[in-house]
Amino acid sequence: MKVEEKDRGWYMCQVNTDPMISQQGYLQVVVPPSILTKETSTDMVVREGSNVTLTCKASGYPEPYIMWRREDGKNINYNGVSVNVVNGEILHIVKISRLHMGAYLCIASNNVPPRVSQRISLRVQFPPMLTIPSQLEAAYIGQDVTLECITEAYPTSINYWTTEHGDMIVPGEKYKAVHTDNGYKKYMTLQIRNVGLNDFGSYKCVAQNSLGGTDGVIKLDEIPAPSTTSTIPPPYHVTSSLKKNGRNGNKVSRQRPIDYEVEEWRNPDYDREYGPPSIRPPGELPANALNFGVSHRAQLVLHLLVSLLSLLLPAIRR
């Protein structure tokens, strides 16, 4: 037998004996909740700043209780208080703002499964507003630069860029414009490739819808290009400059990297004035025989030769 709600009530079982015997019982018929569509609010579009009332009605037995939630799980700014759930058939919002925009769920439950819900979309109309993260950008000639702009509007706005002269910028080889939507927000970028002298100046980010329009200005200034001079120091060379009297009496200057070769500088009149080493007295060495142009190793070799000659000369004379 299919039980209906009208079957709810008292029932008596009776036995016709003397005396009569009877037993009474109450039949409770529960009914799961059901949304009364005709008495429940539908999707709404309202102006920002107005007051809004959403209503939800449901039937069932026991009588259902009703609560409101946002479909996206965010809190509801309920008359100055941030709450996750609002209980009751009525959801009344004072001075609605764009932050209230979204889908709301009217949920009815009476502990008899299943519980039911009704989805109501709430749209808030407002004219465009605009935010510019950086109103001053800088670039050097030949660089690529990107300008940024963020807009909010409902209905969705028409967005574009213009030059300081009011000419609309058309995307192409020089410009790349990108729009990214996120609900009633729109993120705009304008990339200027290979910046030239004519590209410096002001640019406008423009947003318009049926309720109004707005724009913001971004200025692009020129900066010096980074230096391309190498910071690596040149190879390190040490040179020595020595001056001697040449045969023609002129000054001779020689410049070369320092190395370890033995180099001797001798006056051309050396042998005439002092004679060959074999006839000079032992141990005697002209003061100018060692020249500052001779390296330390050369000096050591000369000293060894002098000592050797001092030993050999007595034997040669005998």
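Glu152 and Arg98 are both buried (under 20% relative accessible area, with exposed meaning over 50% and partly exposed in between; 1.4 Å probe, protein chains only). The structure is a predicted model, in which local features need pLDDT of at least 70, side-chain atom pairs count only at pLDDT 80 or more, and totals for chains, interfaces and linings use all residues. Residues are numbered from 1 along each chain as its sequence is written, and side-chain values use heavy atoms, leaving out hydrogens and water.

The side chains of Glu152 and Arg98 form a salt bridge (3.1 Å, N to O), defined as a side-chain nitrogen of Lys or Arg within 4 Å of a carboxyl oxygen of Asp or Glu. This pair links distant parts of the chain, with Glu152 in strand S15 (residues 145–154) and Arg98 in the loop between S11 and S12; strands are DSSP runs (E, at least two residues) numbered from the N terminus. Together with Glu48, these residues make up a network of salt bridges. In total, the structure holds eight salt bridges. Another joins Lys174 to Asp199, with the closest N and O atoms 2.7 Å apart. Lys174 counts as partly exposed because its relative accessibility is 27%, whereas Asp199, at 8%, counts as buried.

Methods: Helices (H or I, at least four residues) and strands (E, at least two) are DSSP runs, numbered from the N terminus.
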